[in-house]
Every structure is written in C-alpha cells, then in structure tokens.
Amino acid sequence: MPQLELDPQKVYHMPKSICIEKIDNQYLIISPDTANWILAENENQLEVYKELSSGKCVIDVIQNQPQEKINDVIHILTELEAKKFENEYINYPQEHGMYVYLTNRCNQRCAHCYMYAGEEKEQELSTLEIKNLLFEFATCGGKVVTFTGGEATLRADFSEIVYSAKKNGLTVGVLSNGILWSQEFVEKNKEYIDEVQISIDGYDQQSYRAVRGTDSFDITLDAVERLLNAGIRVTIAITPLMGTLIGNESKYISFANKLIEKYKDKEFFVKFNTELLDGRTIKPTDEENMQYKKSIKDIKTACMSNSDEEGFALDHRNNTVFNNCGYGGITVASNGDVFFCNLVSQCVKQANIRQNSFAEINELSKRARELSNINNLMPCNSCSLKYLCGGGCRVKYFKTLVSTQVSVSKSSKIVRTISCTKEYKENVLRLMVKANQYFYL
C-alpha cells in the first residue's frame, strides 16, 4: 500500500447508505449508491471503520487502538483515501455507441452464428441510407459506431461507409472474420478505422475449420499482422465449440500466449467469449455452458492472469456505476430494422430507419434505457451490488423486457425471469476482494 499523509483531526463523512457483506472471513463495506467499497480484512478493521464513521477524528481512533493493532487503522485509512470513499459523485460508462449490420451476406457458415448469416437479406440498406444514418447518429451525439454482419467487408461500398463514419467524427470499429483484409484493402481503409475485431475460434487449421467451415486460419493470422503493422488496434475473438474446447484447453492457451508474446509491443488483445449462444447448428444446454465457462475461465487465467480482477477494478474506478448492461443502445440490421441489443435474433424489432425518423428512434432508445435501468428491475433494484453487477444481460435474464416493444411498454417494474443465485452473488463479492489491490496501482 502507498504511504499515507493525513490530517490527524480529520473527521470522515461516510456515504449515507452502507451495506456490510461478509465473505471468506473478510468484510466488504459497500456504498451501494456509488458502486464503491472498502475491504476490512478482519473484525478489528471493521470496528475501526465503524469508529471512523461515528464522527470520531482520526487521532482519537488511533489512540483508542493498542499498539499492535495500529496497522489495522492504517489499512482502513488507506482504503478510505485510495477509494475516495466519502465522495458521492458518480460516473456512468460511455453510452453513445451504435451497431450497424452492413449485410447478412457472409463467406463462412459458422456453426455458432446467432445471426444465421449467409445470404443477403431482401432490401438491404443502400450506401446513401447508411451515410444518412451515420450523419444523424453523430448529430445526435453519437460517438462510436461498430460495423458488423454477416461479413461487413463483403459490401462493395465498405470503404465509402467507413470513410463517411470517420468524416462524421465517429470512432470506428469493425467486427470481421479477417478473410478479405489483403495488404491493398488494409492500406485503402486504415485511416478510417480505429479497431478491428477478428474472429478466429480455433488454435490451428483443423480446429478453425471445425468451427468456421473454411481453411482460412492462416489468412486471418496474416490479416492480424497487416492491421497491426498499419497501426490499427486489433482484438482476436475466440469462441470455440464444445467439441473443439473440451480436452484442448492447453492448445488454446499455447495459441493465445504465442500471439500475446509476439504482439506485446502492439495494441493487440485476445478475448475468449465465455458463453455459447444458440446458433446455426448448436443449442447448448445450461449444463454444457457451465462446463464451457469453467474451461474458458481456466484458459483466461493461464493466458491473462488476474484479467477479470483488473478489468473489474478499471470498470469501477471513480465511482463508475453500472445501471444497465447496454440495452437500449441502437442496433440497425442490414434491412434497416432497429433493435436495442446487438443480439438481434433474440429481441423484438423496435423500429425501421425507413419508416421512423432518427429522432423517433433516439427517443425510443432513451425509453428503452429507462425501462432497463437497474432501478426498474426487480429484485435487482434492492440489491447492495446493483451498480457493481448491473443486473446482467437483459436478453438472458429479463425476457419480458426484450420481447416487448418500447413504444407500448408500460412503466411498471420488470421482474427478472431467471433468479439470481447465492453462488453468483458470492462470486461477485470474491471478485471485489481480488480486485481491491488494483486500486493502489
């Protein structure tokens, strides 16, 4: 812990609402309204906190402790200062993003594709319609656009579209399978793209083919190299199937570690998706997904030790509260249909950009955010961890919400469809304990 300089006469003014949770013989002192917490490692530290919160000044609390327990006082004081626990201001994550499915056409037929991509949809959006959409989005305060598909790069006007997005001041991301990123294609588009996420899913040619159906493993790795050399941030997304994952965890670990080492000086990241969704030819059971999550967690621990803890700490610095999972953000399908989650196959259509003005869509989006706000969801709205957990995926846990059109939805509270478990809450508490050290870095 860092050295502490503190006025001995200081009196702390703690947040009004405090909840104390015990986990593994330690105590998390949580401020639910600011998504902040401090860690008391034993009962004496908890008592020190209680004394400090009772209006006593620092020196009085110190003098009330025997010499052998002064370190307990120092620990709690350091926690309070490092976490700025008194502060009651809050911050929110960035909410100004939009997903655009440029086409449903794809040059692969992945088993786990929840878009069932392949053939072009009828009446896909024209170049002009997409450019107008980007302009209106930016005019309404939009900051980030992510282009996906199908395979977004199959559109002949792809370069014109990303240029238009950048011209409107947007940060541009692309989700791709990486097949078409030749050197010429990278050079043509590199000035207009900030990040590309490439789905690879296998650790070699054979495992890649088992998931994605083509022999493009080496092609995608070449694309990663070209994009990084062009100064573009790259994330590879890996979503194995059960058959390619179980028993092959060490191979995925080796594959990821080699790439992480190779590109350690570049803006390069590896992301393992932690759950399988229903897709083209798969429908995983809850039991299979539990096994899947465990294997992926083991891989992530081996490749990126403490990544979950570091990420959790980073997410919650400066009293950042998570009151939503992102539901309500605008997603536009290739035919202009509008959804408020990018898992469009599992949500009800809310509008269409050919039939509704962007102003109307934007208002519906705001309404969707209100309805899906954690304070409107039961029983999550009464949980001490509500702003730390955020309530989880609305598609998975609040099916009534995502199957109802916002324009006709009433303002009554929405009840969780799948109950939260004691085990889940305990896992969040343990994550908070492990993440605690990263607030001092």
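Does Lys131 count as buried, partly exposed or exposed, and what is its relative accessibility? In this predicted model, Lys131 has a relative accessibility of 26% and therefore counts as partly exposed. Its side chain forms a salt bridge with that of Glu160, at 3.1 Å from N to O. Because Glu160 belongs to helix H5 (residues 158–167) and Lys131 to helix H4, this pair ties together parts that are 29 residues apart in sequence. Glu160 is likewise partly exposed, its relative accessible area being 39%.

Side chains of opposite charge can pair when their charged atoms come close. The count of salt bridges in this structure comes to 28. One of them joins Glu47 and Lys50, with 3.8 Å from N to O. These two residues stand three apart in helix H1 (residues 43–53), so about one helical turn separates them. Another salt bridge, also given as 3.8 Å from N to O, connects Arg105 with Glu120. Both residues are in the loop between strand S4 (97–101) and helix H4 (127–139), 15 residues apart. Arg105 is partly exposed at 32% relative accessibility, and Glu120 is partly exposed at 48%. Elsewhere, Lys10, Glu81 and Glu86 are linked in a network of salt bridges.

Arg416 presents another case. This residue is placed in the loop between strand S14 (414–415) and helix H17 (422–435). Arg416 is buried but has no salt bridge, and Glu275, the nearest side chain of opposite charge, is 11 Å away. A polar atom of the Arg416 side chain lies 2.5 Å from the backbone oxygen of Ile418, and one lies 3.2 Å from the backbone oxygen of Gly391. Beyond its neighbours within four places in sequence, Arg416 has contacts that include Met378, Tyr397 and Phe398.

Methods: Residues numbered from 1 in each chain as written. Predicted model: local features only at pLDDT ≥ 70, side-chain atom pairs only at ≥ 80, totals over all residues. Heavy atoms only, no water. Helix = DSSP H or I, 4+ residues; strand = E, 2+ residues; numbered from the N terminus. Buried < 20%, exposed > 50% of the residue type's maximum accessible area, 1.4 Å probe, protein only. Lys, Arg positive; Asp, Glu negative; His and termini not counted. Salt bridge = Lys/Arg side-chain N within 4 Å of Asp/Glu carboxyl O. Polar contact = N/O pair within 3.5 Å; in protein donor to acceptor, adjacent residues only side chain to side chain. Contact = heavy atoms within 4.5 Å.
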